[in-house]
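Visitor: Could you take me in for a close look at the salt bridges here, and then show me what surrounds them?

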Amino acid sequence: MAVYYIGAYDINNFEEFKRYGPIVAALLPRYGGELLASDTAAYVVEGRARTMNAIIRFPSKQAALGLYDDPAYQEAKRIRQGSTSNGTMVLVQEIVRRGP
């Protein structure tokens, strides 16, 4: 079953964080990941928006965790953790609707 990675965090060091995206983008195809949304200026409906909000679809939970655990992602994780704060990263299952 497909899952959606939803990540939200505050970017504290934009220069350093610029190195994160290209690493992740290069790994997404390996795990069937598809970037659906990424925004540093989200519209707040309720609560407090973070300075980075992203949604990535993966074909399975195992694929999403495969990217997260991939040795090639570990440098990107260090960059993200060192340049952001207040992070939340969750995986949510896709709803499969059957019939009309």
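Guide: Let's start with a cluster: E16, R19, E75 and R78 are joined in a network of salt bridges, a salt bridge being a side-chain nitrogen of Lys or Arg within 4 Å of a carboxyl oxygen of Asp or Glu. Before going further, a word on the ground rules: this is a predicted model, so local features need pLDDT of at least 70 and side-chain atom pairs count only at pLDDT 80 or more, while totals for chains, interfaces and linings use all residues. Residues are numbered from 1 along each chain as its sequence is written, and side-chain values use heavy atoms, with hydrogens and water left out.

One of its links is the pair R19 and E16, whose closest N and O atoms sit 2.7 Å apart. R19 is partly exposed at 41% relative accessibility, and E16 is also in the partly exposed class, at 26%. For those labels, buried means under 20% relative accessible area, exposed over 50%, and partly exposed in between, with a 1.4 Å probe and protein chains only. By the salt-bridge rule, the count comes to 8.

Now for a bridge that spans some sequence. D70 pairs with R30, with 2.9 Å between the closest N and O atoms. D70 sits in the loop between α3 (61–69) and α4 (74–83), and R30 in the loop between α2 (20–27) and β2 (34–39), so this pair ties together parts that are 40 residues apart in sequence. Helices (H or I, at least four residues) and strands (E, at least two) are DSSP runs, numbered from the N terminus.

Another bridge joins the side chains of R57 and E94, at 3.2 Å from N to O. Here R57 belongs to strand β3 (residues 52–58) and E94 to the segment after β4 (84–93), so the pair ties together parts 37 residues apart in sequence. R57 is partly exposed at 26% relative accessibility, and E94 is partly exposed at 22%.

Past the strand, P59 lies in the loop between β3 and α3 and is partly exposed, at 41% relative accessible area. P59 and M1 are 58 residues apart in sequence, yet their C-alpha atoms are 6.5 Å apart in space.

That brings us to the largest pocket, which holds about 420 Å³ of space. A pocket, on a 1 Å grid over the protein atoms alone, is an open set of points where a 1.4 Å probe fits, with protein on both sides within 12 Å along at least five of seven lines; lining residues have an atom within 4 Å of a point. The volume is the space filled by probe spheres set on the points, which are joined across faces, edges and corners. The lining has 22 residues, and Y5, Y20, V24, I56 and Y73 lie nearest the pocket's centre. β1 (3–11), α2, β2, β3, α3 and β4 each give two or more residues to that lining.

I6, L36, I55, V90 and V92 make up a nonpolar patch with about 340 Å² of accessible area together. Such a patch takes residues with over 30% relative accessible area and no salt bridge, nonpolar side chains (Val, Leu, Ile, Met, Phe, Trp, Tyr) being joined within 5 Å; the areas come from the Shrake-Rupley method with a 1.4 Å probe. Of the members, I6 sits in strand β1 and is partly exposed at 34%, while L36 is in strand β2 and is partly exposed at 43%. L36 and V92 are 56 residues apart in sequence, with their C-alpha atoms 14 Å apart.

One last stop is N86, in strand β4. Its phi is near 55°, a positive value in a residue other than glycine.

Notes. Patches are made of residues with over 30% relative accessible area and no salt bridge: like charges are joined within 9 Å, nonpolar side chains (Val, Leu, Ile, Met, Phe, Trp, Tyr) within 5 Å.
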